[in-house]
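Work through the exercises below with the model open beside you. Try each task before you read its solution.

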Amino acid sequence: MCSATDYKTKSIGGMCILLQLWAWERCPTLAPKRTPSHIENTPLGHRWLRRGNQHIDNDDVKVFRRKFDIMKRHEFVWEPYPSTVMSFLPPVCLVGSLAWYAVVPLICFQVIEWHQPDRVLRQFGMQQPVPESPSQPLNIHGITLKGKHDENWGQLFAPMIQQWNNRHAFRVDAYPRQEGLLSFNSDYMVWYRRKTKMFVDPENAKTATLGEVAEALQYMVYPQGRKTCTFDDLVPYV
């Protein structure tokens, strides 16, 4: 996904089906209308491959951009693998569970990409602090096999291999659970709005903002909302 995130890139390759399944599981408004049930002892994504599943109604890019822009916070599934889903997975899907919470390099021949669960803790049901800068060292990113017939890869990647072998020491599972939605003025949300592009299409900004205000007011009525949100959360909209 490195090159695919460049706005000048016109196409992507690789296992795009995994990206599609990721989006369908976490963004119900982007998925087919009827979500099939999970079959016991199969990977979660397998449920979308069965015959008779509905397809999306529209493949217009503008339609999907609008869906992203007007998506409300409760319409994103932050924790797609709760205990109920985990109990249905086959053993092969749980073999690497030790590394799920570990900040470690993933090594495949000369390719090294860093696995950084510390930047997506809400996926594991934990509170997300403001993350540190990405850990991908520039000196090992984009290494090719060209002209390296005599390269000692074990020596070159020794620090990364050692960190992988000691992955249990790099786990980030000590954060408290996230209860309810994040406050609009939480440290993470303030950082997020400063770093991100809020809207794919600026024309959707007004509609999305009105939806966020309505969602915030509705959430503040509930007990959990009264604990985490105040009217100060509405000030940025004024």
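## Exercises on a predicted model

Leu-19 has a relative accessible area of 39%, so this residue counts as partly exposed. The label follows from the cut-offs: buried means under 20% relative accessible area, exposed over 50%, and partly exposed in between (1.4 Å probe, protein chains only). The model is predicted, so local features need pLDDT of at least 70 and side-chain atom pairs pLDDT 80 or more, while totals for chains, interfaces and linings use all residues. Residues are numbered from 1 along each chain as its sequence is written, and side-chain values use heavy atoms, with hydrogens and water left out.

**Exercise 1. How many salt bridges does a search of the whole structure find?**

Step 1. Apply the rule: a side-chain nitrogen of Lys or Arg within 4 Å of a carboxyl oxygen of Asp or Glu. The search finds three.

Step 2. Take Arg-47 and Glu-25, which meet at 2.6 Å, N to O. Arg-47 is in the loop between α1 and α2 (61-70) and Glu-25 in helix α1, so this pair links distant parts of the chain, 22 residues apart. Arg-47 is buried at 14%. Glu-25 is buried at 11%.

Step 3. Take Arg-177 and Glu-79, which meet at 3.2 Å, N to O. Arg-177 lies in the loop between α6 (158-165) and α7 (187-195), and Glu-79 in the loop between α2 and α3 (83-86), so the pair ties together parts that are 98 residues apart in sequence. Arg-177 is partly exposed at 44%, and Glu-79 is partly exposed at 28%.

Step 4. Take Asp-173 and Arg-171, which meet at 2.6 Å, N to O. Asp-173 is partly exposed at 36%. Arg-171 is partly exposed at 28%.

**Exercise 2. Which residues in α7 are buried, and which are exposed on the other side?**

Step 1. Tyr-188, Met-189 and Trp-191 are buried in α7. They cover an arc of only 160 degrees around the axis, which puts them on the same side of α7. The arc is that of the directions from the helix axis to the C-beta atoms.

Step 2. Asp-187 and Arg-194 are exposed on the other side of α7.

**Exercise 3. Where does Cys-93 lie, and what does Cys-93 touch?**

Step 1. Cys-93 is in the loop between α3 and α4 (97-100). Cys-93 is partly exposed, at 25%.

Step 2. Cys-93 touches Pro-43 and Trp-100, not counting residues up to four places away in sequence. Contact means heavy atoms within 4.5 Å.

Step 3. Cys-93 and Thr-42 are 51 residues apart in sequence and 8.7 Å apart in space, C-alpha to C-alpha.

**Exercise 4. How many disulfides are there?**

Step 1. Look for pairs of cysteine sulfur atoms within 2.5 Å. The count is zero.

Step 2. Cys-16 is partly exposed at 32%, whereas Cys-27 is buried at 3%.

Notes:
Helices (H or I, at least four residues) and strands (E, at least two) are DSSP runs, numbered from the N terminus.
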